[in-house]
Amino acid sequence: MCHPTASHPVRQCRHGGVGRPDTRHRRRVAENVAHFLGALGTDRIDLLGFSVGGYVSQALVLARPDLVRRLVLVGTKPRAGEMAGLGERVPEVAAHDVLTEEDYLYLFFGPSSASRDAGREFWLRRHERTVDVDPESGADSVRAQNALRADWNSPRGERFAELRRIGQPTLVFNGNNDIMVPTINSWILAQHIPQSQLIIYPDSGHGSLFQYPELCCAHVTPIPGLRDPVHMNDPAPVVQARRQQVHGHRALLRSCDEQRIRRLAGQRRLDAVTGTPLNRSPAISTLPILRPMDLREERPEDGQAVRSLHREAFGDHGSVVAELTDDLRATLAPDGGLSLVAEQAGHVVGHVMFTRNLLDAPRCLVEVQVLSPLAVAPGHQRRGVGSALVRSGLEILSKRPVPLVFLEGDPAYYSRFGFVPGGELGFRKPSLRIPDAAFQVLKLPRYEEWMTGTLVYSQLFWQHDAVGLRDADA
């Protein structure tokens, strides 16, 4: 990445607590970078943060916004970001004392032959440097990075609220299948940072900047002729850039130096402006902008789309779930339930519903909420849509007089939101046909210790026979 950007001075900083095992400073890395820049006599920078470096970059721009002119975030995530989509072997492979070529291919590149070939090219480039070579990250460095990750995964205040304070023009990019820092986090960053653009590179993973270094540099380099938005009173160029984003990658590419990108893309056997392959075996495909996803309350006109979504998502059981959803919707009232949809490019791609039920506690009946159903369109699954819906719903309910949320579901999935088996906390399930592990509960701020007892489903769940599991062989 340094060579193509040689027209700009590039400074690489190995800060305490991450690149080296100096754990005394691992929670003050942003301060360390600021001191480093001060020692260089640099008072304004364009900042690129990759992976864990992206955490540091966000902390730095929030703590010292005066230092940063433009921000680039690559393969990274916001504080308390999403983990859905993390590769199963990532924790094991990333913990190796010395990463082999095969480890790099798994962690940083996609599984296709084209992506792996690009990874092998990167591996060769990586070993061209013979002077001042970075030492391999050993066990101490891994522990230091893990400590930083653990701190970054812990929420502080309203989730993602601090991203709205980033005023710098920001470019976010990633591979379309990042198994180390799931790609959905790049969308979250672009959704919440006010002046941001998002690029998703095809057939690539965490190391998209290693796979497409020339194109990444072309995108990172400031747009020729565009004044620095940080110093502008008139935000029109920034607004125009965001308008171009929603029309797809062609507008974004044309806003850059078109001839230069044509030349770079031609080296990869693709016309980057038209997206037309230059022969039958292009090394890359077009560069689509990840379409924004809106989370909002369901509207009356969404009914048919939600019904179709459940039929598609639940297969043979889809009609039952769709009919249950229609009947449950009729019971919703202000502060008495919640129905949210995820909409992308004008299409409903996800839905979750929370409805009023009862807990038969010794003192009195307690109104609680049940999460059911949750559905994501098959073509959008494993992209964080369901997680975003659940988290958004729980955040809304936590501000209402709701003490508990119950559900029937996979504990491996719902535990990430804080759900635990209800039986372990003294709650009794409404049917013996519900597996113990599947009967789960989440305590919200309005919960009190005396609130225990049996969950009582509303009549609609029984009417549609949507409780527990039936044994066809019984």
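## Aromatic pairs and helix packing

The predicted model holds 18 aromatic pairs. Rings of Phe, Tyr and Trp (its six-membered ring) pair if their centres lie within 6.5 Å; planes under 30 degrees apart count as stacked, over 60 as edge-to-face and the rest as tilted. Phe406 and Phe439 form a stacked pair, 5.7 Å centre to centre with 15° between the planes. Phe406 lies in strand E9 and Phe439 in strand E12, so the pair ties together parts 33 residues apart in sequence. Strands (E, at least two residues) and helices (H or I, at least four) are DSSP runs, numbered from the N terminus.

| Residue | Relative accessibility | Class |
|---|---|---|
| Phe406 | 0% | buried |
| Phe439 | 2% | buried |

Phe50, Tyr104, Phe108, Phe109, Phe122, Trp123 and Phe210 form one aromatic cluster. In helix H4 (residues 101–108), the buried residues include Tyr104 and Phe108. The buried residues of H4 pack against strand E1 and helices H3, H5 and H8, with contact meaning heavy atoms within 4.5 Å.

Residues are numbered from 1 along each chain as its sequence is written. Local features need pLDDT of at least 70, side-chain atom pairs count only at pLDDT 80 or more, totals for chains, interfaces and linings use all residues, and side-chain values use heavy atoms, with hydrogens and water left out.

Technical notes:
Buried means under 20% relative accessible area, exposed over 50%, partly exposed in between (1.4 Å probe, protein chains only).
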